[in-house]
Amino acid sequence: LLSPTVDGMQNMLNICEDFAGRNNLLFNSKKSVSLIFTKNRRIVDPGFLLNGETLPCRETVKHLGVLLDATLRNDCAIRERIKKFAGSVNSVVARIGGTCSNDSVWMKVIDSQLFPVLAYGCHLWSPKVALTTALNCTLRKGIRRGLGMKSRDSIAQRFTSFQEASSRLHKLQILFMKRAITSPNPLTHAAGIGVDTV
C-alpha cells in the first residue's frame, strides 16, 4: 500500500482489515511493516494499526528480493547486490576448479548467470554517477576474477581477441546498467508512506 499521508494509509489499512473480516481472511501483522520514504534521517513512527496491533516502522525493507531504503539513497541495496555478485562469482569459480580458460564461455556465464544477480532491482535505484562507476568496477572485477586476470590487466586489450559478439555483449551490459540507473525512480514519484502486508 502507498499513501502520501498518515491518515490515508491508516484508512487503507482499515479497508483491508474490513475486507479480510468479511471474507474470513487475516493479514499477518507480524510480517507487515511500515516504511516512510523521506530525505530526513529522523523518522517518527506513525503507529499504524492492523488487526489491533501496531506495525513496526523500519528504515529498510526487503520486498520481492529488493532492499528498499527509507531515504531512497539505495546504498544498502547496492552493497547487497555487489556482495551477492562477488559471492556468486567465487562460487562459480570454485565449481569450475579455478579460472575459466575460454574467454567466450566465461562471458556467457557472466551474461546468463552472474549479471542478473548484480542488476536485480536496479530499475528502482536512484540515479548516481558514483553508482554506475561502482557497479561497472564490480562487473569488471567479476570478469577478471573468472579469467584469472590481475586487477591492473586491461580488459579492453583482452577483448580485442574476443569474438565480436563477446565484446558487444560487455558493452551492452554497461549501457544497460547506466540506462537502468539513470531512468526515473518510480518510488520518487510515488506516495511517501509504504506498508508491506502479507
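What share of the contacts in the protein chain with a separation of 6 or more comes from residues 24 or more positions apart? The share is 70%. This report on a predicted model starts with the whole chain and then turns to its parts.

## The chain as a whole

The protein chain holds six helices and eight strands. Along the sequence, their order is β-α-β-β-β-β-β-β-α-α-α-α-α-β. The chain has 198 residues, and 40% of them count as buried.

Helix α1 covers residues 6-22. Gln10 belongs to this helix. Buried means under 20% relative accessible area. Gln10 has 17% relative accessibility, so it counts as buried. Setting aside neighbours within four places in sequence, Gln10 touches Gly47, Phe48 and Leu49.

Leu13 also lies in helix α1. Its relative accessibility is 0%, so Leu13 counts as buried. Leu49 comes up again here: 36 residues separate Leu13 and Leu49 along the chain, and their C-alpha atoms are 7.5 Å apart.

Strand β6 spans residues 60-63 and pairs with β7. The pairing is antiparallel and runs over four bridges. Val61 has Leu68 of β7 as its bridge partner. His63 is placed opposite Val66 in β7. Two residues sit between the strands of this hairpin. Leu64 takes a positive phi there, near 55 degrees.

Strand β7 covers residues 66-69, and both of its faces are covered. Val66 and Leu68 are on one side. Leu67 and Asp69 are on the other. All four of these residues are buried.

## Helix α2

Helix α2 runs over residues 75-95. How far apart are the end C-alpha atoms of α2? They are 30 Å apart. The helix has 21 residues, and at 1.5 Å a residue it should span 30 Å, so the two values agree.

The buried residues of α2 are Cys76, Ala77, Ile78, Glu80, Arg81, Phe85, Val89, Val92 and Val93. Gly97 follows α2 and has a positive phi, near 75 degrees.

## How α2 packs on α3

Two packed helices are described by the angle between their axes and by the distance between those axes. Helix α3 covers residues 103-119. It packs with α2 at an angle of about 145 degrees, and the axes are 9 Å apart. The crossing of α2 and α3 is right-handed.

Which residues make the contact? From α2 come Arg81, Ile82, Lys84, Phe85, Ser88, Val89, Val92 and Val93. From α3 come Trp106, Val109, Ile110, Leu114, Phe115, Val117 and Leu118. By type, the residues of this contact divide into twelve nonpolar, one polar and two charged. Several contact residues of α2, including Arg81, Phe85 and Val89, are also among its buried residues.

Definitions and conventions. Residues numbered from 1 in each chain as written. Predicted model: local features only at pLDDT ≥ 70, side-chain atom pairs only at ≥ 80, totals over all residues. Heavy atoms only, no water. Axes fitted to C-alpha atoms, helices over the stretch in contact; angles between N-to-C directions. Left-handed = near helix turned anticlockwise from the far one by under 90°. Contact = heavy atoms within 4.5 Å. Nonpolar A, V, L, I, M, F, W, Y, C, P; charged D, E, K, R; others polar. Buried < 20%, exposed > 50% of the residue type's maximum accessible area, 1.4 Å probe, protein only. Pairing = 2+ DSSP bridges. Expected span 1.5 Å × (residues − 1).
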